[in-house]
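Please look through the sequence and the three-dimensional model that follow, and keep both in view while you read the explanation below.

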Amino acid sequence: MTKILLVCAAGMSTSYLVEKMKKAAAARNLDVTIEAHATPEFSEIYKNWDVILLGPQVRFQKAGWTPLAESAGIPLDVINPMDYGTMNGEKVLDFALKLIASKK
Amino acid sequence: MNFFDILETKLMPVMSKVGTQRHIMAIRDGVVATIPLTVIGGLSLIIANPPFSKTATGFGKLWLDFATANKVALSMPFNMTMALMSIFAVLAMGYSLANSYKMNPLNGSILSLMTYLLMSAQTVNVDKLGRLMPTKYLDGQGIFTAILAFIVAIEVTRFLKKKNITIKMPDGVPPAIANSFDALVPAFILVLIVYPITLVVQNVAGVPVPQMIMNLFKPLIAAVDSPFGIAFVALLAQLLWAVGIHGSSVVGAIANPFKESNLAANAAAQAAGEAMPYVFTPAFWSFFIVIGGSGATLGLLFLLFRSRSSHLKGIGRVALIPGLFNINEPIIFGMPMIFNPTLFIPFVFSQVICSVIAYYATVLGFVGRAFATVPWTTPAPLGALIGTADWRAAVLVLILAAISTVIYYPFFKVYERTLIKQEEADAAEASAVAAD
């Protein structure tokens with residue numbers, strides 16, 4: 001089971017992307033859990049994931065959160081803005097899987 | 001270095017500071033946590049105060065009669081939620097700040113509330129009823145006092161902890177019991193510090209502490225609740241969005257206490273049957289300014305949908321549904337609006353212009369003032385209608401959406417033409433390759 005966390009300001013626009021990513025994962029028969037959460041929740045929930053992706057609009061959080069994620073051994077990065085805008089579930093899923101693979 | 005680079009390199013560090021500053025974030029969390037309660041409170045207020053005049057007939061008359069007969073009961077959910085908003089906010093703010101310091105969040109909540117109540121709600125004796133606590137300063141207008149209270153409470157607690165001023169429990173005492181003593185020393189010290197100061201201030205200033213704080217903030221509140229103030233907030237948020245930073249959440253963290261305080265004053269006035277004092281409320285922001293999302297892009301959806309550029313049409317398809325619910329990241333990042341010199345002017349200024357028009361439409365009495373909160377993801381005309389209980393507000397939303405579309409139109413056409421040219425060139429190249 002691969003667990004992917006998406007974070008944006010209110011967890012709203014990422015939730016649209018989550019749906020697209022789930023579809024992409026289902027098409028590939030991948031066993032994934034993908035959730036969208038809001039930035040205020042980050043500190044309480046960041047530990048139990050395989051990878052954390054930030055919406056580009058909250059990329060200013062990256063510097064502060066990277067050390068937290070690193071200490072938990074979780075890769076964290078910002079989603080490509082164009083993939084985000086086009087809600088490209090395939091590409092963002094690829095990105096997530098690549099980040100997980102690079103960590104192992 | 002171009003303009004966008006300057007915006008990003010100058011704003012990004014500031015935004016990272018603001019967007020990650022723990023006290024500001026705690027304030028934001030506190031306001032966000034109270035949204036369900038302000039929504040319920042607002043609905044209760046609408047039901048108790050129907051938007052019909054005494055001359056109404058049919059359904060309007062039925063509702064009005066029912067509401068008049070049951071006003072106290074119908075207003076009670078409002079009185080127990082929105083009218084006590086700062087109590088809930090101070091709990092959430094104290095929780096969040098304590099959590100960010102890795103201190104016991106429950107103690108943080110309790111100490112913050114205690115400090116706030118000590119400052120704001122000293123009981124009075126009333127025959128037969130016993131001790132009553134005045135709620136006058138516990139609604140959203142008390143938010144600035146609540147902010148002061150939770151910061152004092154948590155910082156004093158943190159200081160004591162750092163200096164190791166605590167009651168030591170012998171080994172073997174369960175953590176839950178030890179934790180309950182954790183709060184004892186700070187509670188004691190906070191009462192010793194806060195209460196005498198409160199008494200002195202009350203006697204010297206002749207008004208309760210929250211009233212004094214409100215008086216201090218009055219000029220600032222008035223400045224924010226002006227066409228310049230509102231336009232400035234709308235502009236700053238949008239400059240950030242132009243480089244792809246969540247402007248409304250960063251600027252909103254600071255602007256929200258003002259909007260909430262205004263909303264509480266309006267709600268209190270509405271409940272008392274008086275004229276509402278303020279224009280700039282959460283509903284005003286969500287439905288008259290960021291219509292369809294940041295940049296007032298509701299009408300733009302229509303242009304995208306009909307576009308001859310396949311890219312823009314594709315974005316229109318992805319953006320349509322979220323766009324109706326005021327989520328427009330597909331437009332912002334897909335079109336894209338960010339780092340886009342062609343679209344910079346309408347993207348930044350259409351919502352600023354909307355904000356000024358909406359301000360004057362409100363103060364001139366063309367539309368009602370908002371006294372209820374509606375989740376910002378409600379489609380804008382509906383949100384405006386519920387927030388103000390005035391159908392003309394929904395019409396204003398449509399007018400503003402039309403105006404912003406007109407502002408976008410010429411810039412959109414220029415951008416569209418570039419894209420179509422690019423797409424035709426790409427297609428020609430592809431077919432040339434295929435022909436080879």
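**Reading the fold and the contact**

In chain A, 69% of the contacts with a separation of 6 or more are between residues 24 or more positions apart, where two residues are in contact if their C-beta atoms, placed from the backbone, lie within 7 Å. This is a predicted model, in which local features need pLDDT of at least 70 and side-chain atom pairs count only at pLDDT 80 or more, while totals for chains, interfaces and linings use all residues. Residues are numbered from 1 along each chain as its sequence is written, and chains are lettered from A and ligands numbered from 1 in the order in which they are written.

Chain A has five helices and four strands, which are DSSP runs numbered from the N terminus, helices being H or I with at least four residues and strands being E with at least two. Followed from the N terminus, the elements of chain A come in the order β-α-β-α-β-α-β-α-α. The radius of gyration of chain A, taken over C-alpha atoms, is 12 Å, close to the 13 Å that the globule rule gives for 104 residues, so chain A is as compact as a globular protein of that length; the rule itself is 2.2 Å times the number of residues to the power 0.38. Of the 104 residues in chain A, 46% are buried, a word used if 20 or more other C-beta atoms lie within 10 Å of a residue's own, whereas exposed stands for 12 or fewer and partly exposed for those in between, with C-beta atoms placed from the backbone.

The four strands form an open sheet with parallel pairing, in the order β2-β1-β3-β4 of chain A, and two strands pair if DSSP finds at least two bridges between them. Because β2 (32-38) and β4 (76-78) of chain A stand at the edges with a single partner strand each, one side of each is left without a neighbour in the sheet. Within the sheet, β1 (residues 2-8) and β3 (residues 51-54) of chain A pair in the parallel sense over four bridges, and L6(A) has L53(A) in β3(A) as its bridge partner. Helix α5 (residues 89-103) of chain A lies across β1, β3 and β4 of chain A and runs at about 135° to β3(A), the angle being one from 0 to 180 degrees between N-to-C directions, with axes fitted as lines to C-alpha atoms, for helices over the stretch in contact.

Where do the two chains meet? The contact takes 19 residues from chain A and 28 residues from chain B. On the side of chain A that touches chain B, the elements giving two or more residues are α1 (13-27), α3 (62-71) and α4 (81-85) of chain A, and the largest share, four residues, comes from α4(A).

One residue of chain B can be followed in detail. M335(B) is in the loop between α17 (329-334) and α18 (344-363) of chain B, and M335(B) counts as buried because 26 C-beta neighbours lie inside 10 Å. Not counting residues up to four places away in sequence, M335(B) touches G85(A), L312(B) and I315(B).

L118(B), in helix α7 (residues 105-120) of chain B, is partly exposed, with 18 other C-beta atoms within 10 Å. Leaving aside neighbours within four places in sequence, L118(B) is in contact with V191(B), V194(B), Y195(B) and T198(B).
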